[in-house]
Amino acid sequence: MSVFNAYMTLSGAVDATVTRDERMARRTSYRIGGPAALFVAAHSYPALVRTIQVLAAEGVDWVILGKGSNLLVSDKGYDGCVIVLDGEFSRTSLGEDGTLTAGAGALLSKVVNEALKAGLSGLEPCVGIPGTVGGALSMNAGTRREWIGSVVRDVVVLRPGLGLHRYEASEIEWGYRSTSIPGTEIILEATLELAPSSREAIAQDMEERLRRRRESQPLGVPSCGSVFRNPPDRSVGALIESCGLKGAREGGAQVSEEHANFIVNRGGATAEDVIRLIGRAHEAVLAEHGVDLSCEVKLLGFGG
Ligand SMILES: Cc1cc2nc3c(=O)[nH]c(=O)nc-3n(C[C@H](O)[C@H](O)[C@H](O)COP(=O)(O)OP(=O)(O)OC[C@H]3O[C@@H](n4cnc5c(N)ncnc54)[C@H](O)[C@@H]3O)c2cc1C
């Protein structure tokens with residue numbers, strides 16, 4: 001494989017920003033992670049298609065990223081190419097029928113605000129969630145029982161090597177932090193079907209959700225949000241707390257004192273520090289409660 005060849009072929013030749021050895025600590029909400037060998041911010045569809053072609057020809061692995069708010073990148077980094085979607089992928093537009101179409105690179109917070117301003121209800125469970133529309137759809141972001149998937153009318157994806165495909169809502173299964181859209185496909189755009197409502201009611205609901213977030217989550221400190229998925233009818237935060245791990249530290253990483261399902265970067269944390277704490281929490285909850293927790297945070301560059 002040749003990252004160098006891919007860099008030389010793409011650099012200056014496509015509508016994209018192409019860099020080498022991009023520090024992923026700059027690209028994740030954790031502020032952790034070594035370099036990605038190659039980094040491409042694709043500004044247009046032709047640039048994205050060409051990038052994928054070149055990477056395939058050079059045998060370079062790649063991954064699509066949003067804002068890296070649900071991601072832990074290893075300290076040694078990633079030896080493939082990280083692709084983000086911006087430029088034309090960040091567009092949003094309101095339809096006349098209560099729909100809102102958003103590119104995968106658009107910030108979720110921007111889309112939530114546009115819905116509020118237009119008096120369209122349905123995105124309230126997404127208020128306060130960092131990241132992009134693409135990341136939110138890939139993760140089916142929301143709360144334990146309410147999620148973005150429930151307002152999706154259709155999703156346009158790129159099937160690498162095959163072309164564009166449009167999924168209608170009825171063809172997609174959404175679950176708690178999951179979607180049936182294969183991880184090999186690149187989400188490009190979604191149209192959301194929202195319900196006209198009073199702006200005051202939407203604003204009040206959002207404000208209440210933000211207040212609960214501020215009261216229960218460590219928002220001023222770098223993190224990836226929830227580390228583990230909640231098992232059915234159990235709260236991971238309560239399970240980890242009951243094992244006495246609230247406040248536990250490994251190097252610069254700490255199980256949050258405010259919410260035990262958050263592991264925060266207290267400054268200078270390495271990915272290894274976070275992994276050690278994840279391991280301790282997993283082992284303790286398994287030993288004390290017989291619950292085998294699974295990670296919500298995505299890992300990159302850890303091999304296997
Ligand atoms: C303080 C804080 C609070 C949070 N609260 C919540 C919450 O309440 N609810 C919740 O659900 N999440 C929450 N999160 C987690 C995170 O914000 C969400 O998962 C978010 O939707 C991720 O978006 P992103 O753009 O950052 O995705 P990234 O972290 O960049 O990527 C996440 C996954 O999506 C994939 N992906 C991204 N874009 C695309 C695309 N265009 N096509 C295909 N795959 C793609 C990536 O490959 C990766 O697997 C929180 C995070 C933080 C830091």
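The axes of helix α1 (residues 3–10) and helix α2 (residues 45–58) come within 9 Å and cross at roughly 150 degrees, where axes are lines fitted to C-alpha atoms, for helices over the stretch in contact, and angles run from 0 to 180 degrees between N-to-C directions. α1 is therefore roughly antiparallel to α2, a label given to angles over 145 degrees. The contact of these two helices has, by class, four nonpolar, three polar and one charged residues; Asn 5, Ala 6, Thr 9 and Leu 10 of α1 meet Thr 51, Val 54, Leu 55 and Glu 58 of α2, contact being counted when C-beta atoms, placed from the backbone, lie within 7 Å. Ala, Val, Leu, Ile, Met, Phe, Trp, Tyr, Cys and Pro count as nonpolar, Asp, Glu, Lys and Arg as charged, and the others, Gly among them, as polar.

This is a predicted model, in which local features need pLDDT of at least 70 and side-chain atom pairs count only at pLDDT 80 or more, while totals for chains, interfaces and linings use all residues. Residues are numbered from 1 along each chain as its sequence is written. Helices (H or I, at least four residues) and strands (E, at least two) are DSSP runs, numbered from the N terminus.

Two open sheets are set out below; strands pair if DSSP finds at least two bridges between them.

| β15-β16-β17 | antiparallel | β15 (249–250), β17 (263–265) |

Strand β9 (residues 152–159) is joined to β10 by six bridges, and Asp 154 has Glu 168 in β10 as its bridge partner.

Two bridges join β15 to β16 (residues 253–255), and Arg 249 has Gln 254 in β16 as its bridge partner. Helix α7 (residues 271–289) packs on this sheet and touches β15, β16 and β17, its direction making about 25 degrees with that of β16.

Around the ligand there are 30 residues, of which Gly 66, Gly 131, Gly 134, Gly 135 and Gly 225 come nearest; a residue is near if its C-beta atom, placed from the backbone, lies within 6 Å. Two or more residues of this shell come from each of β3 (62–65), α4 (133–139) and β13 (186–193), and α4 gives the largest share, five residues. By class, the shell has 15 nonpolar, 13 polar and two charged residues.

How values were computed:
Two residues are in contact if their C-beta atoms, placed from the backbone, lie within 7 Å. Angles under 35 degrees count as roughly parallel, over 145 as roughly antiparallel, 65 to 115 as roughly perpendicular and the rest as oblique.
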